[in-house]
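Colleague: I would like to go through this model with you. Could we start with the strands?

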Amino acid sequence: MKNKLSEEQSQELLKVLQIRFEKNMNRHKDIHWNKIQEKLEANPEKLWSLDEMERTEGEPDVVGYDKKTNEYIFYDCSAESPKGRRSLCYDHEALEKRKENKPSGSAVNMADEMGIELLNAQQYEELQKLGNFDAKTSSWIETPADVRKLGGALFSDFRYNTVFVYHNGAESYYAARGFRGSVRV
């Protein structure tokens, strides 16, 4: 079945996520693993999305809990932009616009296929409070419609102890630029 892991794959991923969770308690104070595991086991499609994040080297981890929606929030927490999601333009429109040297895909399409959301600027800032991420790489972030309509797209990185938000043509792509995503369970 598509978007569902086998029992063995699920158990293996849960172990990986639990070990990462326990190693990085500063990212999720006052949150307990057993409740997260219950939610994950009850939502196999979310577990599949987390596996996609893991498979593309995003190292997903819990970064918060939304009391209003009763959801745990996972972000990609790899030190650099996930290796399995680099060299992508921003979205499908940008991919179609490129006539030569097309990248293999786009960040927005890949996120959709994985069942995750691109981080927005605020989420990216929140992530940086948990550590230093993208000190050598950069990550596409959700771009406001008015910027995208004009052909641009936003990306962020962390340099000089500062989070920067930049713009680029949406059809551009670089070996050191990927994207970070989030999943709510």
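Colleague: How many bridges join β4 to strand β7, and in which sense do the two run, parallel or antiparallel?

Modeller: This is a predicted model, so local features need pLDDT of at least 70, side-chain atom pairs count only at pLDDT 80 or more, and totals for chains, interfaces and linings use all residues. Residues are numbered from 1 along each chain as its sequence is written, and side-chain values use heavy atoms, with hydrogens and water left out. Strands are DSSP runs of E, at least two residues, numbered from the N terminus, and two of them pair if DSSP finds at least two bridges between them. β4 (residues 138–141) and β7 (residues 177–179) are joined by three bridges, and the sense is parallel.

Colleague: Which residue of β5 is the bridge partner of Trp140?

Modeller: β4 also pairs with strand β5 (residues 152–159), over three bridges in the antiparallel sense. On the β7 side, Ser139 has Gly178 as its bridge partner. In β5, the partner of Trp140 is Phe155.

Colleague: Is Asp76 buried or exposed?

Modeller: Asp76 sits in strand β2 (residues 71–76). Its side chain makes a polar contact (N or O atoms within 3.5 Å, one able to donate a hydrogen and the other to accept it; residues adjacent in sequence count only if both atoms are side-chain atoms) of 2.6 Å with that of Arg85. Buried means under 20% relative accessible area, exposed over 50%, and partly exposed in between, with a 1.4 Å probe and protein chains only. The relative accessible area of Asp76 is 0%, so Asp76 is buried.

Methods:
Helix = DSSP H or I, 4+ residues; strand = E, 2+ residues; numbered from the N terminus.
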